[in-house]
Amino acid sequence: MNRRLLAALALAGVFAATAASAEITVGVSLGSTGPGSSLGIPYKNAFQLVPKTLGGEPVKYIILDDQSKPDEAAKNARKFVTEDKVDAMMGSNGVPSAVAMIQVAAENKTPMIALTPVPPLSPDRLHWTFVVPQPTELMMSAVVEHLKAHGAKSVGYIGFSDTWGDLVHNALQSLAPAGGFKIITNERYARADTSVTGQVLKIMAANPDVVVVGGSGTGGALPQIALRERGYKGAIYHNHGTVNLAFIKVGGKAVEGAIAPTGALIVAEELPASFPTKKVSLDFVKRYESSFGAGSRNAFAGYSYDGVALLNAAVPVALKKAKPGTPEFREALRAALENVKNIIGTHGVYNMSASNHNGLDDRGRVLVDVSNGQWRLMK
Amino acid sequence: MSFDIVLWLVQDGIVNGAIYALLALALLLVFAVTRAIFVPQGEFISYAALSLALLQAGKLPGTVYVLVGGGAIAALLDIAVALRDRAPGRLPRILAVYVLLPLAMAGIAWWAAPRKLDMWIQVLIVFGLVVPLGPILYRVAYRPLAGASVLVLFIISMAAHYVLTGLGLVFFGGEGLRSQAFSDAHFKIGVLNISAQSVLVVLATVLIMASLWLFFEHSIYGKALRATAINRVGARLVGIPAELSGSLALTLAAFIGAVSGVLIAPITTIYYDTGFLIGLKGFVGAILGGMGSYPLAAIGAVGVGLLESFSSFWASAFKESIVFTIIIPVLVWRSLTTRHVEDEEE
């Protein structure tokens, strides 16, 4: 084999590599095991339903498990940027894990689609990060509007003793002056606690007009059951982390009447025909439930799906400027994501701008309540 | 804080403390007999509680796969040993204990699940599914290294804990479950409104403690366990096989775990990993009691329950920190007052 042939082969190899890299690579890190797995599994399920192309180009999703641990999420993110040379990253289902990925994404100038609400970010990190879920303030503002309309002046708060409990509490706190109410208890509990009697007794002693629970999933049921057992009569509000069928299964009769904000897809069938996301939400819910069982719909799978919808809208714009797999493409993709307008997702309508990397508005939330063992749209 | 609230908190603390006390006893028992800190104790709680909730929902609990799979591994290990020793006579017994029994239990569960039988029968089925996991776990994880140091045994415990938690996630899923209450009845005593369920928890705990005492004082197996706990070498010299003691200790631990799980399933939401934290609090109770005396361990565990209940009223955000921090002064005090006895060598 002479030297010229070798050179030709090498050249061919380079061309082959370029051709292959027209494929877009997206790294996804989710906690499908560990304490966050009840959310991580539906997040992951949604990737079975997303299209095989992004903006017409084939796409490869590399989905790794971060065991709901921030350090594992950061490790996955580093692997994505160094080994897989991904064009964008998505993740994770826990706030601390998502924040860990955001750090890596910003360092390596890679667009990051955050799948959980994140705390306020510094400008250099926000630059590369786009947040799919509704900000906690947006969601809790629906709760605040409702309790204000019903004349509640004092609110008892009980939430998880973790970041989520803090996020919900802070959102409520920031909305309190406008809502004309005071938060009179700030109790905390853990998902694995066997009893919240102490916290509930304290709330009962303070006797607030309504109670807001900052838990998630089935973990949100424990305080409500204990409050109702002790004879608490006021309204009990939850947050968007609580809305799934398992919550009702665990809570039974005690959670009847629980009120929570959520994305439109949970009650897709009941939305008025004029609701902008009705068609997209309904279509996604039907496909999800045909794959994962009746009643399996949840907000989390919708976030994954909407994240992909954002990429799908941004990729064609970025492709005009550069080839996937290059730093230029990642920068172009970031710029394109910042300018997506009127993208209809399962949760709401996204309008990004340089200062708003979430882009959802009031159309991204509805209030639901539990009636006859089902989450129903509140009229 | 009014007197009513104190009464409520005491009641709550005693009910939780009763569960911790059961677990403290199991941990102490296993530690005394095998020298292993039995971390997977909590998994029996989760497995039993989730199995019961699933049976009530008319579904086949994933515990059957763990049972049959674990039994098969145990059987393979024992068969290998029997063949190496050229003792095929042991084979029928191995197959009966590790293969046929789990399969039979799985069959019963499979048959019973869609029929939604009476609650007490379901509880018996749950015992049948969870209790055999104890001896199987001993055979697979502990027995091959039974003579190892306390540290190695602890590492085995951690490994067993991770394996069982992981399997729990696979078979039960990430969301929590809650089973129906045994009884919805409530009694009014003064300001207190005591649920029949919490009375049942305390009664069952007292009953189990009493039967354990009888077992250790009056039965030959109980005496064998005590002998092993007091002096392993001595017990072996008088003909008590260490394997039997270890296997028996883990069977009892699994039984206590299953009882705790069944008792607690209607009171709170149980996740595949909840048991670990409950077990840990039982462990704190056992340490408070000095890791040597059963009555002290039980009192320590009730103390943990009360402390937890009051701290959840006063400073709920720091509840876990408070509960786990009390280990430190107790350990300091114990290390200053007791002389360290070297009992590693045999």
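A residue counts as buried if 20 or more other C-beta atoms lie within 10 Å of its own, as exposed if 12 or fewer do, and as partly exposed in between, with C-beta atoms placed from the backbone. This is a predicted model, in which local features need pLDDT of at least 70, side-chain atom pairs count only at pLDDT 80 or more, and totals for chains, interfaces and linings use all residues. Residues are numbered from 1 along each chain as its sequence is written, and chains are lettered from A and ligands numbered from 1 in the order in which they are written.

Select S304(A). It is buried because 28 C-beta neighbours lie inside 10 Å. S304(A) belongs to helix α12 (residues 299-319) of chain A; helices (H or I, at least four residues) and strands (E, at least two) are DSSP runs, numbered from the N terminus. Next show Y43(A), A46(A), F47(A) and L115(A), which S304(A) touches when residues up to four places away in sequence are not counted. Contact here means C-beta atoms, placed from the backbone, within 7 Å. M112(A) lies 192 residues from S304(A) in sequence and 13 Å away in space, C-alpha to C-alpha.

Colour chain A by pLDDT, the predictor's confidence in each residue, from 0 to 100. The mean for chain A is 90, and 94% of its residues reach 70 or more. Over residues 14-21 of chain A, pLDDT stays under 50, and the model has three contacts beyond four places in sequence for them.

Now go to the boundary between the chains, where 27 residues of chain A are in contact with 27 residues of chain B. On the chain A side, α8(A) gives the most, with six residues.

Move to chain B, which has 15 helices and two strands. Its C-alpha trace spans about 70 × 60 × 35 Å along its principal axes. Of its 346 residues, 47% count as buried.

Centre on V130(B): leaving aside neighbours within four places in sequence, its contacts include F44(B), Y47(B), T63(B) and A254(B).

How values were computed:
Two residues are in contact if their C-beta atoms, placed from the backbone, lie within 7 Å.
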